[in-house]
Amino acid sequence: MHLQPGFPIPMHSHRRGAAWRKLAATAAFVVSTFGAQAASEQPAPARSCTFDGHNGVFSPQAWSDRTWARFAAGDLGILRPEYDHVLLFIAWRRLAGLPLEARDIERLRPFDPCAQERQRDAAMAAAQQAWADARLSAALPTPPKVARGETALGYLDYALPNCNPDAFRTAAATLAERVRAHGAGDPSVHDWVKAQDLVLGLCFSSSAEQPAAVRRDAPAWLRKDRAYQVAAAHFYAGRYEHAARAFTAIAHDAGSPWQGWGRYLAARAWLRQATVSERDDATPALQRARALLVAQLAVPSLPAAQRHDAARLLQRVRLKLEPEPVVAEIDARLSAPALDEDVGQDLRDFDPKLAGTVSGEGRPSFARWLDAFRSAGAAVVDDAGASDDASLVALLQAATPQDLVPVERLEQAVAPGSPGFLTVQYHRIRLARDRRVAAASARALLAGNGLSTMDRNRIKALVLADAADAGELGAWAYREPVQSPEAEVLDAGVMPVVDADGADVLNRALPLSALHELLRSPKVPEPLRRQLLGVVWTRAVVLGRGEVLRDLSADMQARFPAHASQLRALETETNDAARRQRAAVFLATQPGVLGSLGRQVAYTKDPAELALPNMHPRLREDGNRENWWCSLPEGRYWHADPLPAPPAPPAFLDAQQRRAWADESRVLAATPDATTWLAGQVLAWADTHPFDLDLPVALRMLVRSSRGGCVTPETRVLGQRAFRHLKRWFFFTEAARQTRTRP
């Protein structure tokens, strides 16, 4: 029945700085391996780091792939300015050499961006169970099942839950108390429970229903509780002004057992009203909330727990009325040598968008460091309290190669094993004007131990253009999905093996000869070579490169043993047109053999499964699996769309290879979508070999594919021809029986 006194609200931000004298005196271009310090990892609440549009599978922006314990102990890896500011606060204290005790880490844990949702869910489930157990112990009937729908706050950010676990816990405790005082069979207790079920039901579904008025002869305790239940129902239903006035009335009722919480809960209602109000000016509601809290804190006999909660809520209200001074107050506490017990809530109340408003001269300042680290333009004050490592990391984040000339001559500043080491090495590779030095440094780091998957992916991205040969380009283009033990399990299908940068270069800057060399290079990891096999083979078909098809024949037969005889026939075919047509018949049965490397999850592991969004419900949601290709090179949806700007060609390509790619790219760009191109080739083969038993499945796939996706009016005509041929010459086959309608 009780409203939870506190709830976290996450906020975000960005900015930078330029005190180059200290940097020039202290920085160094160090090439070394990272000696990760082992961290003691005790059992702790489960985390759930999620992947989404911002947190990609190769280098999540909001969180580190280190575990909470490792990161908190100072094994920071390569810091990103986009990390949630709770993680950046821990990083700053470690870089600045400020104390961060075990108790501080535990106080921060509930505010970990990877833990909050799961911990909230677990807390809510436990609280709901406590309420169910209380009803059971009182021998009360099973509560009605609440239909889950949009609550009054269904449109709000996740950090403003409509109902908190404390509502269920307090309801359970109150029920137990009422049963002890009046007995489980008392009709007034049953009346109380019925009303409480309605109140708690508003946590999950919007309703205009209110707890019924008590009967005339109801006992005083039920009247007082009902007033509280009505106020709570108003709150959960989103009627905040009604709730605020009802709680204020309770605050003035000396006979109510809820009087002590009246002002606090009225203030919460006014704060929520200010948060969700569509009015232009929320100030009056905030001022009412502040007045109520100030009055409550002025009560000398206020219990410590209520005083603490009221002070925390007053800070939340003041953040809206006078944000800049309050952020400065919070920053002073966060930057102090010793942290207090409210460090987690202080950090979550802290608004990073206002970090640049904090002056903080003469003392360490988390706000000013965060402002410098997150964006270009903010100044890092060179005060006596600033740590060399913390300042260096912020300065390097903002630096360009023109700012640090020459980077290679800077003196050593951050030692291997220190919290900032990997971040500094990352930026020194990024800033090196001599890219041969940068590539050598990257090789040394990648060859060592201590790098996480995310670190390796980020370092590879820095030097992709600096690869010495095709094999190294493939090794650096290859990326591994982050599989942190505290992240979601990535088992949705076939994971990508390249990110956007690697896909761009491999798909749109290399001639077939270089791709073929890359495929054969032992430097290239097997997952990438496995996906490259289909890409190189498909492009060789389109480009008419029989020598490449012959070289890859054994590999393709091993990959597709059921089609071995079909693939062997290509080896002996001497007519270029016939070889292309035969290959197209095979390719038309394998829509998962693509013409370019994919950069997204493939939601099927079967290359023979046609994956059109308008045919497969699961792909209607995910929509990121292509059949063969929409355009070549990859990068357009319609093959007639303008070609996107090409990436810079790798430096190791010689003049002959660059000319070859210029010629090949024109052919590929002029090639229509796969369904149209394959249908033309397959039907040409069918005209001369109408009874080829390899045709039925290929024709069926093309009929299906011609119904939608990246196709043209010509495709439909070809699909109709394929349908007629299938039904005329192969009516007895399973493929014909499955193909019931024409395009």
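**Entry 1. Starting point**

In which helix does Q581 lie? I found Q581 in helix α26. I note at the outset that the model is predicted: local features need pLDDT of at least 70, side-chain atom pairs count only at pLDDT 80 or more, and totals for chains, interfaces and linings use all residues. Residues are numbered from 1 along each chain as its sequence is written, and side-chain values use heavy atoms, with hydrogens and water left out.

For helices I used DSSP runs of H or I with at least four residues, and for strands runs of E with at least two, numbered from the N terminus.

**Entry 2. The whole protein**

I looked up the secondary structure and found 32 helices and zero strands. I then turned to burial, where buried means under 20% relative accessible area, exposed means over 50%, and partly exposed lies in between (1.4 Å probe, protein chains only). Of the 743 residues in the protein, 54% are buried.

The accessible surface comes to about 31600 Å², and carbon and sulfur atoms hold 53% of that surface. This area comes from the Shrake-Rupley method with a 1.4 Å probe; for residues, only the protein chains shown count as cover.

For contacts I took heavy atoms within 4.5 Å. Among the contacts with a separation of 6 or more, 70% are between residues 24 or more positions apart.

I returned to Q581, which counts as buried because its relative accessibility is 14%. Leaving aside residues up to four places away in sequence, Q581 touches Q681, A684 and W685. The C-alpha atoms of Q581 and W685 are 5.7 Å apart, although 104 residues separate the two in sequence.

I next examined the two helices. Two packed helices are described by the angle between their axes and the distance between the axes. The axes of α26 (residues 576-587) and α29 (residues 674-688) come within 8 Å and cross at roughly 115°. Here the axes are lines fitted to C-alpha atoms, for helices over the stretch in contact, and angles run from 0 to 180 degrees between N-to-C directions.

The crossing of α26 and α29 is left-handed, a term used if the near helix is turned anticlockwise from the far one by less than a right angle; clockwise would be right-handed.

On the α26 side, I listed A578, R580, Q581, R582, A584, V585 and L587, which meet W677, L678, Q681, V682, A684 and W685 of α29. The residues of this contact divide into nine nonpolar, two polar and two charged. In that division Ala, Val, Leu, Ile, Met, Phe, Trp, Tyr, Cys and Pro count as nonpolar, Asp, Glu, Lys and Arg as charged, and the others, Gly among them, as polar.

**Entry 3. Helix α25**

I checked helix α25 (residues 564-572) and found A564, Q566, L567, A569 and L570 buried. The cover over these buried residues includes α23 (526-543), α24 (546-559) and α26.

**Entry 4. Salt bridges**

I counted a salt bridge where a side-chain nitrogen of Lys or Arg is within 4 Å of a carboxyl oxygen of Asp or Glu. By this rule there are 41 salt bridges.

R316 and D349 form one of them, with the closest N and O atoms 2.8 Å apart. This pair links distant parts of the chain, R316 in helix α12 and D349 in helix α14, 33 residues apart. Both R316 and D349 are buried. Through shared partners, salt bridges join R312, R316, R333, D342, D346 and D349 into one network.

R348 forms a salt bridge with D84, the closest N and O atoms being 3.4 Å apart. This pair also links distant parts of the chain: R348 is in helix α14 (residues 343-349), D84 is in the loop between α2 (68-72) and α3 (85-96), and 264 residues separate them. R348 and D84 are both buried.

I also looked up E82 and R80, whose side chains meet in a salt bridge (3.1 Å, N to O). E82 is partly exposed because its relative accessibility is 31%, whereas R80 is buried at 11%.

**Entry 5. Single residues**

Q306 is in helix α12 (residues 304-321) and touches G260, W261 and Q296, not counting residues up to four places away in sequence.

V424, in helix α17 (residues 421-431), is buried because its relative accessibility is 1%. Its C-alpha atom is 9.3 Å from that of L79, 345 residues away along the chain.

Lastly, I found a cis peptide bond joining L632 and P633, with omega about -10°. P633 is in the loop between α27 (617-622) and α28 (655-670).
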